[in-house]
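Open the model in your viewer and get ready to select. We will visit a pocket, then some helix pairs.

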Amino acid sequence: MPLFIVLLSIYFAISAPNFLSIDNFLNVLRQISINTIVAVGMTFVIITAGIDLSVGSIVALAAVICTGVMKRGITIAHLTILPPPSPALGVPLGIIIGLLLGAFLGAINGFFITRFLMPPFVVTLAMMTIARGLAFIYTGGFPVPELPDSFITLGSGYIGPIPIPVIIMTVIALIAHYILARTTFGRYVFAIGGNEEAARLSGININKVKLMVYTLSGFLAALSGIILAARLGSGDPKTGQMYELNAIAACVLGGTSLMGGKGNIGGTFLGALLIGIIDNGLVLMRVSTFYQYVVKGVIILAAVLLDKVKEMRKA
């Protein structure tokens, strides 16, 4: 994967002179930060041999709820629980409620998957439509605009020369890597994906671990939605579309097995970086959007194929 990224970067550097500038590199990192955070949660899910198709819709719902709380307060069935708060209170309150909502929806996914042994594909597909529908109902189909400057800084600000979303992505990725590689919980995640029955016989609480994994996925999707709303300056119910596919693609490109039991956060980051470089390079080359879909798909397919051939030769 690193070699493929280098070769692709060399091609784009030759084809688009601005590609190798530091500003463009930081721009690529900022563009992939939101997808990478979603993909980190997806990595945990896929390692357990699961799938989460609801992350894109949770991104949208968390974005509109977070921004809605800032602008309108909290109203349930025409009953005002909290009037529109000041920016000093509304920003942290909106972020906290958005994050809790994402974790709650993820926990619901995990509950149905573990309690009723329902296929993750079906449960998260249902949650995908429910969350998207709730986002449209809550906003009436219109974005929530005119957000406080302190909130917009979260998506568009810098600490030194580094965009804040990139810093958040880096912290999340490092923590997730530590959890997967160094903790008992991480070992349980791999054990469940490798052989669930063996993990159960070893005394691992399968349902508890899976519930935590889907809750984490929902939480990180909500975090991505909040950062995205801050970046766009509005909470839009139409955002987050195709994020689930980009997250799955980043995981698979990074070496996470859809069969479970194999994967790592570093690989997921490289997978997200590859997708970001493809998107950025094609835009700089002024390739038509219609052709971008085709070219992007072909390059991703080639990258996975090369990795598979490499693994087969090692075996």
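Which helix gives the largest share of the lining of the largest pocket? Select α12: the share is 7 residues. Helices here are DSSP runs (H or I, at least four residues), numbered from the N terminus.

This is a predicted model: local features need pLDDT of at least 70, side-chain atom pairs count only at pLDDT 80 or more, and totals for chains, interfaces and linings use all residues. Residues are numbered from 1 along each chain as its sequence is written, and side-chain values use heavy atoms, without hydrogens and water.

**The pocket**

Stay with the largest pocket. Its lining counts 30 residues. Select Asn-35, Asn-246, Ile-275, Asp-279 and Lys-296, which lie nearest its centre. Next, show α2 (22–47), α10, α11 (243–253), α12 (265–284) and α13 (289–314); each supplies at least two lining residues. Colour the lining by class: 15 nonpolar, 11 polar and 4 charged. (Ala, Val, Leu, Ile, Met, Phe, Trp, Tyr, Cys and Pro count as nonpolar, Asp, Glu, Lys and Arg as charged, and the others, Gly among them, as polar.)

**Helix α7 on α10**

Now select α7 (residues 164–182) with α10; their axes cross at roughly 170° and come within 11 Å. Therefore α7 is roughly antiparallel to α10 (over 145 degrees counts as such). Axes are lines fitted to C-alpha atoms, for helices over the stretch in contact, and angles run from 0 to 180 degrees between N-to-C directions. Show Pro-165, Ile-168 and Ile-172 of α7 against Leu-220, Leu-223 and Ile-227 of α10. They make the contact (heavy atoms within 4.5 Å). By class, this contact has 6 nonpolar, no polar and no charged residues.

Notes:
On a 1 Å grid over the protein atoms alone, a cavity is a set of points where a 1.4 Å probe fits but cannot get out, and a pocket is an open set with protein on both sides within 12 Å along at least five of seven lines; lining residues have an atom within 4 Å of a point. Angles under 35 degrees count as roughly parallel, over 145 as roughly antiparallel, 65 to 115 as roughly perpendicular and the rest as oblique.
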